[in-house]
Each structure stands twice: as C-alpha cells, then as structure tokens.
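Please read this briefing alongside the sequence and the model, following each residue as it is named. The points are grouped by topic.

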There are 2 protein chains.
Amino acid sequence: MPVYPPFTPVIAALPSTVPFVGPEAQQRDSGRKFRARIGANESSFGPSPRVIERMIEAAPDMWMYCDPDNHDLKVAAAAHHGVRPQNIVVGEGIDGLLGLLTRMYASPGEPVVTSLGAYPTFNFHVASVGGRLVSVPYENDRENLDGLLEAVRREKARLVYLSNPDNPMGSWWEAHDVNRLIETLPETTMFILDEAYCELGPASALPAIDVERPNVVRMRTFSKAYGLAGIRCGYAIGEETVIAAFEKIRNHYGVSRMAQIAGEAALEDQDYLAEVVRKVEAGRHRIAAIAAENGLQALPSATNFVAVDCGSDGAFALKLMQGLLARGVFIRKPMAAGLDRCIQRLTAMRKAQRRPSLVRRVRLSGSTSTRQKALV
Amino acid sequence: MPVYPPFTPVIAALPSTVPFVGPEAQQRDSGRKFRARIGANESSFGPSPRVIERMIEAAPDMWMYCDPDNHDLKVAAAAHHGVRPQNIVVGEGIDGLLGLLTRMYASPGEPVVTSLGAYPTFNFHVASVGGRLVSVPYENDRENLDGLLEAVRREKARLVYLSNPDNPMGSWWEAHDVNRLIETLPETTMFILDEAYCELGPASALPAIDVERPNVVRMRTFSKAYGLAGIRCGYAIGEETVIAAFEKIRNHYGVSRMAQIAGEAALEDQDYLAEVVRKVEAGRHRIAAIAAENGLQALPSATNFVAVDCGSDGAFALKLMQGLLARGVFIRKPMAAGLDRCIQRLTAMRKAQRRPSLVRRVRLSGSTSTRQKALV
C-alpha cells in the first residue's frame, strides 16, 4: 500500500462525486448522441446574435488574461439593476458563487438550511466545507417558506437557500411572500436567493433589490434566459461589505475574458432577452398542451422547463424518464419523495421546433396508456 | 450599525484583496491604455490559428453547458503525456487548481512551505484556508531546494510548492535536482510542482511524469506557451486517487465549454507550439542584448519573460518600473528582498516587434545612466 499525504478531516470524510451528471457522460455511456437535449434547462434559443458576434471578435484576444476585477461586467450589471459595482461580484456561474458563500459562512458541523429536493450543487458545496445540511420538504410543489424559517430558527442556521423561481419544480413565490421571509429571518442568518430563472417568470415574483440589507445575497446567471450556459458566468448582488468579502477567497482569474465580454454584451441586448422570454412562455403552453393530450399534467412554471406530473409514483416516472432517454431524449427528473412523480425539463426548445418529427412522435403516440407503455 | 451574519473564523481574519492587480485596473486608474502589455507573462503570439478557428466555430454553441467531466480535454491531455484520463483534472487555470489542493491538504493553522517572493496567488489560497505560510528565501536567484526540504521537515508541512521554471525570476532546476527533492520529501507531504512555463524551457528541466507517486501533483496551463491566458484553463497530473479527490470539492461546471474546446485544439497543434517556443527563445536573446546595451543584465530565463537586474537596489528598480509604467509600458517586478533589484517580464513580444518605435526608443536612449535617468 502506498502512503498518501493525509487529506484534511473535512475532505477525508467526503465522497468523490459529480453533483450533476452531464448529458455528455450519458452519451459516452450509451455510445450515441441524444436527438434532443432538454434536460439541463439550457436555452436552445442560444445567446443573442450580437453576443455571438462579440465572442467571435474576441477569440483572437484570448492571449490576454481576463480582468480580475470583472470591472466592465460589474459596471454593466450594476447599471442594469440600479445598484453600484461594489454591490456585484462575478463568478464562474452561480455554482462558483454558491461554493464561495458556503465557505464564507459555514464552518464544519454548522447547520445550513435548504429544501429537500432543491438544487443539489448547493448541497454539494455545503458538504465540501463539512456543513450540516438541514432539509425542509416542499409543500404543494413549492419550497416551504414557513418551514425554512422554522428550521433556521430551530437550528440557528448560518445560511438558508431558496431558489425562486424554483428548480426542479418550476414553481415560484410572489415577491411579498419572499419579502416576508426576508424580514422575519434572523439578521445573523445569510439568505441566498437563487434567481437563476427570474427573467423567465412573472415580474411580481421579484422582490425589489435592497443592497442595504447585509443578510441577503441574490444570485443571477447568464446560463438560462441569456442562453450562455457554456460560458460560465453569473453574479451575485448584495450589500457592499458582504460583496467585498468574496475577494478574500475567490479565484480572481476564474471567469474567462470571453465570459466577461459575452455577459456584458448579453446585458446590452434586452430586446433579444424579451424575445426569448416570449418564446419560452409559448413553449410552456405547448408543453402543457402536449402533456394534457397524453393525459399528463404539466405544473405551472416560471422557468424555461416544465415539470410534468406523470400521474403515478416515482418508480413510474423513473421508467418514463428512462424510456425517453433510450429514445434519445435527454431529460431529468426530481428524485425527492413527493416530487419524484414528475419528469422534468421538457424545455421550450428551438431544437424541438426544428425537428418536428420528434415532437410529432410524442404527440401522436395515442392514448395516455398506450403512450406511457410505448415510452416505458 | 447594521448587524452582519458572522463569517467563519478563517474568513473573518482575512483581508479582502486581489493577489495580482491586472493591467486593466492600472489603465482605469491612469485613464489611458498601455502601449505595450508585457507584465503578465502572456503570449502575445496568441493561440494557434486553428484554436481561434475552433473558438469561432464554437461560439454559437455556448447555450449548452460544458461537460462537467472535461472528458475530451482530459483524454487529449492524457494522450499528450502518456498517462490515463484518471490522472488528469482540469481547472480554471492553475490558480483554480492551487485553491483546491490547498483546501484538500491544509487545515487552519497547518504549515505550508513555499519560497519567499514566489507565486503570490498560491500564498493567497493558503491564507484563504487559514494555513500558515512558511517562506524560504531564494538562493542565487533560484528557489532553494535544500531549504524547502529542510523547512518541510522542520515544520512537518502538509504541502510544499515549487514552480519550475520559476516565476518571477525565470530560473530553473534540472530534472535530476527536482527528482532528488521528490525522493527525499516525506511521503506524507504533498509536493505541488507548478510547471506553467515548462514548454518554454529546456526539456532537461522536466522530470519524467510518474503517476504512481501519491505525493506529487504537476500543474500545467494553456495560459503561457499556448497563448490562452484569457480562456482560463489548466490541468493537474497526478496519482489516480489524489486526482479523484478533486471531485470532492471542485466546481464541476467551472471550466467553460469554450475553454475545453480551445484547450483540446491547442494540444493538437504542437507545430504551432514549437514555433512559439522558438520565437520566445529568440526574444529572450534580443531582450538580453537590449539590456546589455543599456548596461543592465538579463538573467538567464526558461520562461516567456526575462528578469532584468537593474544593478542597484529595490528602490531603484521600483523607480525604473514606475518610469516604464508612466511611459505606457505595463511591466511587473519581484518585491522580495534580494530579488527586488530586478524588473521583470520584458517578454518576447510580437507586439513589440510590431511596434519598433517603442523598442527603438528604449534601445537608442544613450548611455546607461542617461537611459536610466530618462526612465526614472
């Protein structure tokens, strides 16, 4: 047996894991490409043509390091939200920023509150610092705001996470409900409000941004509505002192020059964003209709995906998902009890529109039971 | 006074800092652009034209998330080095990987050994986990291998860092010297061998890669010889169990789709790399000649920059650097005692070749003292 340098106790206790298996890994395992890639909540409408143009122009400049201050992108994001650049920190997607926030606020053994079945990458980051995850079940397919508050108080939690609109159910809370939670949380608990999908839902779900409040950090991304999942760029909005503290540990050269340029260009083209939002909304209606025609129920969604209630238990929905995967359709599904009756992430898809044969096959597969049998 | 959620003790004790101030920040401060950007050890030869082509082709695909397994790039890097993909982990530059290794091996208060004046971003990451930095002075402008070993033994250090070839001096050790250090280090100490510049130096400075040894991790990057500093992509090579442990904490979606594509394409074009290496070597000779004509001494370099001994003390070299900055030339200099007599990073530059007026002005500035006065 070789001798290994010992890991820290926190690291030694962790498994080696990929929190979200990508479609590429599944393609490698099966030996064939997916015909439809609708399981990662990406926007197949892609980024604005102007963003693509800027990336193409910038390609030869990649010999230069990125600006470690992310200055131009921060200025653009600050102007977009009516805050100051000092209220913005840019990271390698929301994932990167969640990792940093967890390191900033949770020591080994300390409690962190989230919802059971919510974003697994957040849980991964909590585990990576040795935090103790406290999970509150969903209620009526929504994260349970009262339950989260109760858990925070009971556990004296350092951190609490909410995504609004929610992943994986696509549900949402109105701004006044979120604000009531914010106002009743202990001032010593940091509230992470992950708004990855916020551009795609109703404006009424967005609380006004208040950068005076030191215990709220809002997370935004270019991965969803802006169609730039592959470029890895997101940002957090918060009180100045809190935002400055990210400097203590972040990888200053972590967000590529390309990502900073693309993000800035994406913010500039709000007309394109509005067009995508309209198309996604139309897509949600279409998915709901397809589901209904097949005797399945699409849940209301404020995101670019739709959770479809398969009308039975988790085992059934899992089989349905596996059937779709076998047919070359990449989707995912919630795994937590109660949510697991759904398959998820039939996104509003440009690709699907381009490939009507695939859509037709799903739509024309007859009665519910026939269709479900065919898929399973 | 507002109440803040408390940081962890490690974070609370840290300053908010940018370990490397970028040229963009200096440009913003001064209100004008640098005429020459030769302070960040970038390659202004840029990436291979084939890499640029691949990035341009890939731009419209950025709506898709990156492969979190970095599969294709790992396969390519593994083939390049004659190891297995399981021996490779990809990160957001070497910086990102240094941050992870530090978290994996150093708990708060534990000793980590490096050289005084060596790469500050490593020190930043050690501080970010609350590690205790033990710094060994350079000897004869090289990192002191015996001194590092002695410090590791004395302190029972968890981690020891060496860059070879070295930054900021450009010096290097031969492979047999590095191997002697590796063989005498305690098996329980992880040795980080940062080889960011290794393609640019003599092959004799590169120890054979041995992925059976669990206490050595080698770091490589696309930022230097491959000309892709802005894309943020590097990788580490090591023993399989050690490499697997990165999965415990890394941001799986941290390296963009663009970076993975660019890195893979860069590895494919070894002819272009060889051409860059030749040009950089010629540039080193040219810088040495310019320095000599001006009564300054260029130190031997195995990198894409040259440390120029300004023949006096740190205060003098600092003035010289400030003079160059004021003239629109972005350079840096070592700050540690003994090394600080140098200015640094007059790189072999395509830009400089394109702009002979700038070079001529430096070359034709008369005698040493006149020139130095002019610059200061």
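Arg220(A) is buried, with a relative accessible area of 6%, where buried stands for under 20% relative accessible area, exposed for over 50% and partly exposed for what lies in between, using a 1.4 Å probe and protein chains only. This is a predicted model, in which local features need pLDDT of at least 70 and side-chain atom pairs count only at pLDDT 80 or more, while totals for chains, interfaces and linings use all residues. Residues are numbered from 1 along each chain as its sequence is written, chains are lettered from A and ligands numbered from 1 in the order in which they are written, and side-chain values use heavy atoms, with hydrogens and water left out.

**Arg220 and Glu195**

- Arg220(A) belongs to strand 7 (residues 216-221) of chain A; helices (H or I, at least four residues) and strands (E, at least two) are DSSP runs, numbered from the N terminus.
- The side chains of Arg220(A) and Glu195(A) are joined by a polar contact of 2.8 Å, a polar contact being a pair of N or O atoms within 3.5 Å, of which, within protein, one must be able to donate a hydrogen and the other to accept it, and residues adjacent in sequence count only if both atoms are side-chain atoms.
- Leaving aside residues up to four places away in sequence, the residues that Arg220(A) touches include His81(A), Ile94(A), Cys198(A) and Tyr235(A), contact meaning heavy atoms within 4.5 Å.
- In chain B, Arg220(B) forms a salt bridge with Glu195(B), with the closest N and O atoms 2.8 Å apart; a salt bridge is a side-chain nitrogen of Lys or Arg within 4 Å of a carboxyl oxygen of Asp or Glu.
- Because Arg220(B) lies in strand 7 (residues 216-221) of chain B and Glu195(B) in the loop between strand 6 (190-194) and strand 7 of chain B, the pair ties together parts that are 25 residues apart in sequence.
- Both Arg220(B) and Glu195(B) are buried.

- Over all chains, the structure holds 36 salt bridges.
- One of them links Glu275(A) with Lys279(A), the closest N and O atoms being 3.2 Å apart, and both residues lie in helix 11 (residues 270-293) of chain A, four residues apart, about one turn of the helix.
- Glu275(A) is partly exposed, with a relative accessible area of 31%, and Lys279(A), at 36% relative accessibility, also counts as partly exposed.
- In chain B, the side chains of Lys279(B) and Glu275(B) meet in a salt bridge of 3.2 Å, N to O, where Lys279(B) is partly exposed at 37% relative accessibility and Glu275(B) is partly exposed at 32%.
- Asp146(A), which lies in helix 7 (residues 145-155) of chain A, is exposed, with a relative accessible area of 54%.
- The C-alpha atoms of Asp146(A) and Glu275(A), 129 residues apart along the chain, are separated by 36 Å.

**Helix 3 of chain B**

- Val51(B), Ile52(B), Met55(B) and Ala58(B) are buried in helix 3 (residues 49-58) of chain B.
- These residues cover an arc of only 130° around the axis, which puts them on the same side of helix 3 of chain B; the arc is that of the directions from the helix axis to the C-beta atoms.
- On the other side of this helix, Pro49(B) and Glu57(B) are exposed.
- The buried residues of helix 3 of chain B pack against helix 10 (257-268) of chain A together with helix 10 (257-268) of chain B.
- The N-terminal end of helix 3 of chain B is capped by Ser48(B), a side-chain oxygen of which lies 3.0 Å from the backbone nitrogen of Arg50(B).

**Where chain A meets chain B**

- In total, 89 residues of chain A are in contact with 89 residues of chain B.
- The area buried between the two chains is about 7,400 Å², of which carbon and sulfur atoms give 61%; buried area is the accessible area (1.4 Å probe) that two parts lose on being put together, summed over both.
- In chain A, Trp63(A), Tyr65(A) and Lys248(A) lose the most area to chain B, together 13% of what that side buries.
- Six salt bridges are found across the interface of chain A and chain B, and Asp67(B) forms a salt bridge with Arg28(A), the closest N and O atoms being 3.0 Å apart.
- Glu24(A), Arg37(A), Glu42(A) and Arg257(B) are linked in a network of salt bridges.
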